[in-house]
Amino acid sequence: MELKGENQKHNSDQEEEITTTVDWRGRPSNPLKHGGMRASAFVLGLQGFEIMAIAAVGNNLITYVINEMHFSLPKSANTVTNFIGTVFILALLGGHLSDSYLGCFWTMLIFGFIELSGFILLSVQAHLPQLKPPPCGENELCVEAKGLKALIFFVALYLVALGSGCVKPNMIAHGADQFRQDDPKESRKLSKYFNAAYFAFSMGELIALTVLVYVQTHSGMDVGFGVSAAAMAVGLISLICGTVVYRNKPPRGSILTPIAQVFVAATLNRKQNCPSDPSKEQLHANTDNPISDNFVNPQLSQRFRFLNKACIKIDPIQENGTNKRQNPWRLCTPNQVEQVKTLISIIPIFACTIIFNTILAQLQTFSVQQGSSMNTHLTKNFHIPPASLQSIPYIMLIFIVPLYDTFFVPFARKFTGHTSGIAPLHRIGVGLALATLSMVSAALMEKKRRDAYLGSGEIISIFWITPQFLIFGISEMFTAVGLIEFFYKQDLKGMQSFLTAITYCSYSFGFFFSSVLVSLVNKVTSSSSGGRGWLGDNDLNKDRLDLFYWLLAVLSFVNFFNYLFWARWCSRNNNRTPGAASPPGKVDGGDIV
C-alpha cells in the first residue's frame, strides 16, 4: 500500500507538471510532441543570431561614435558602457512582463521586432550623410554630433537596448522551460542545454567579431548595421518556426506582489512575538500566490527570522463555523516567506559578479582602443580590425564548450554526483579567479606596449594583448553559465525569466560601475598627473591605462575572497530545516569549502 501511494503521488506530480505547460493554442502540452532538445534548438537559433546582431554593434560601437559621431574617448567609452548597461538592466522588465503577463514567447516576439527596428534606424543614419556630422578635415576640428543628429542616434541605439534587454532573459528561460526538472533524464539535458546556449552565444559572438566587423570596416558601418538587422530577422524567423513544438509556461500574474506582501505583513506584525517553532495550526495554508506552492508542509527556517512574522495569525480564522479568508497583506504562507528568503539569500552571489562585468566592459572599450594603437597588420595587404580581437576567446570556446560538456561533465559527475559535473557556485568561483589573472595580463601587456612606443617609437604586434582576451573568455564560460544555471534552478516557481534577468543585471551594474569608475579615477588622478588623469587623453600613449588595469586586478582579487565568504553563507542558508521538502529536481549551488 505504501508503494502504491508513492506511485500515485509520482503520477500526480507528473500530471501537475504537464498541465502547467501549454502548447501554442493554450491546450495542455504533450510530452511526446512538445519540448525537449528539438524545441530548444529553435530558441538557440534566435539566441545565436540575436547575439550576432547586437555584438557586431556593441563591440565596434566605440569606433563608430569616435570616427562618425566625433565623441571624445571618455564620452565614447561611457556611451558604450551605458548602452550595454541599459540592455542588461532592461532584462528585469522583460523577465517581469514574461512571468507576469505575456509569457516568454510573446515577450521575445514583440521586443524582437522593436530591436529589429533599432538596427534598421542605425543603418539608415549611418548611410545618410545629412544625419551625421561632417567628416573631419585635415586641419579642422571635428564637429561633435548634436541636436537632431545625436537624438536620432540615441533613439536608434536605445530601441536596440529595449528590444535586446527584454529578449535576452526569455531566450534562456524559454529554452530551459522545454525540459522538466523532475525527470532525471531531462534534468541532465537541461544542464546540456545551458552549455549549448553558451555555445550558441560563442558562435554568434565569433561571427559578429570576424565577419560582421570585417564588413563594418571594409564596407562601411551602414552596411554593417544592415547585416545586423538581417541577422536579427533570421533569428525571429527561427523563433517563429518552432511555435508548434514549444512547451509554454503561461504567465502566473504579478510575481512582485507576493514578494511585497511578505515584507508588508512582516512590518505590520513587527510588534508580535515570533514563535520559535510554530505548529501547523499557527500557519496560514493559502497557496493562491504564484510563488507559494512549491513545498509540502514547510517549516519556517531561522534565517531572516523577522520575515517569519508575516505568518503570524492575528485575526480569528473561524467565523460561524466557516473558514474566513485572510488578508494576504497581513498574513502570508510559510512557502511564500521561505521563497522570499531564498531570493534574498542569492543577492550576494549576484553582487559578487559586478566587478567581473566591470572587467568585461574594459575589454569592449579600452582594450579595443589599445589594439588600435598597435600593429594590426598580418601581411602588407591584410590587417586585423581591433574589435575582432574579442573573437580570440570565442574561437577557442567553440571547441572547449563541446569538449567540456561531452567529456568533463560526465567525468566530474562520477565523483561529485552533480548533474552538471561541478556545482554552479564552484563554477562561478573558478571564473572569478580567472578574471583577476586576465587583468594582470592586461596591465603587463599595456605597460610593455606603452614603454616600447615611448622608448623607441616601436609599435608592437596586436597579438601581445591576446592573452587577456583568452583568459577572460575561459573565465566567462565558467562564471556566466554557472550564474545562469544557479539562478534558474532556484526554487522560485513561476519566476524563471525574472531570475535569469537578475543575472543579466549583473552585466548592467558592471558596465555602469565602469562608467563611474572611469570618471572617478580621472578625477582623483588629475591632481597628480598634470591635471589630465590616467584616462584623460584620447591618446593611450599619454594615458596610464596600465595603472587602471592594475586597479581592476586588485578589485577583482578582493572580490574573489568576498565571493568565497558569501558562497559559503548562501550554501549554509539554503539548506532547509527538517520537514521542508524541496521540489523534484532541485539542484543546489554546491558547498564552497
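## Exercises on helix packing and cavities

H7 and helix H8 (residues 221-241) pack at an angle of about 150°, with their axes 6 Å apart. The model is predicted: local features need pLDDT of at least 70 and side-chain atom pairs count only at pLDDT 80 or more, while totals for chains, interfaces and linings use all residues. Residues are numbered from 1 along each chain as its sequence is written, and side-chain values use heavy atoms, with hydrogens and water left out.

**Exercise 1.** Describe how H7 packs with H8, and name the residues in contact.

*Solution.*
Step 1. Take the angle of about 150° between H7 and H8. Axes are lines fitted to C-alpha atoms, for helices over the stretch in contact, and angles run from 0 to 180 degrees between N-to-C directions. Helices (H or I, at least four residues) and strands (E, at least two) are DSSP runs, numbered from the N terminus.
Step 2. This angle makes H7 roughly antiparallel to H8. Angles under 35 degrees count as roughly parallel, over 145 as roughly antiparallel, 65 to 115 as roughly perpendicular and the rest as oblique.
Step 3. On the H7 side, Leu-212, Val-215, Gln-216 and Ser-219 meet Met-221, Asp-222, Val-223, Gly-224, Val-227 and Ser-228 of H8. Contact means heavy atoms within 4.5 Å.
Step 4. Sorted by class, this contact of H7 with H8 has 5 nonpolar, 4 polar and 1 charged residues. Ala, Val, Leu, Ile, Met, Phe, Trp, Tyr, Cys and Pro count as nonpolar, Asp, Glu, Lys and Arg as charged, and the others, Gly among them, as polar.

**Exercise 2.** State the angle, axis distance and handedness for H3 with H6.

*Solution.*
Step 1. The angle between H3 and H6 is about 35°, and their axes are 7 Å apart.
Step 2. H3 and H6 cross in a right-handed way. A crossing is left-handed if the near helix is turned anticlockwise from the far one by less than a right angle, and right-handed if clockwise.
Step 3. The contact of H3 with H6 holds 9 nonpolar, 5 polar and 1 charged residues.

**Exercise 3.** Find how many cavities the structure has, and describe the largest cavity.

*Solution.*
Step 1. Searching the whole structure gives 3 cavities of 30 Å³ or more. On a 1 Å grid over the protein atoms alone, a cavity is a set of points where a 1.4 Å probe fits but cannot get out; lining residues have an atom within 4 Å of a point.
Step 2. The largest cavity holds about 510 Å³ of space. Grid points are joined across faces, edges and corners, and a volume is the space filled by probe spheres set on the points.
Step 3. Its lining has 35 residues, with Ile-51, Phe-88, Phe-201, Tyr-504 and Tyr-507 nearest the centre.
Step 4. H2 gives the most to this lining, with 7 residues.
Step 5. The lining of the largest cavity divides into 23 nonpolar, 8 polar and 4 charged residues.

**Exercise 4.** Describe the second largest cavity.

*Solution.*
Step 1. The volume of the second largest cavity is about 110 Å³.
Step 2. Of its 13 lining residues, Leu-360, Gln-390, Pro-393, Tyr-394 and Glu-476 lie nearest the centre.
Step 3. H16 gives the most to this lining, with 4 residues.

Methods. 1 Å grid on protein atoms, 1.4 Å probe; cavity = no way out; pocket = protein on both sides within 12 Å on 5 of 7 lines; lining within 4 Å.
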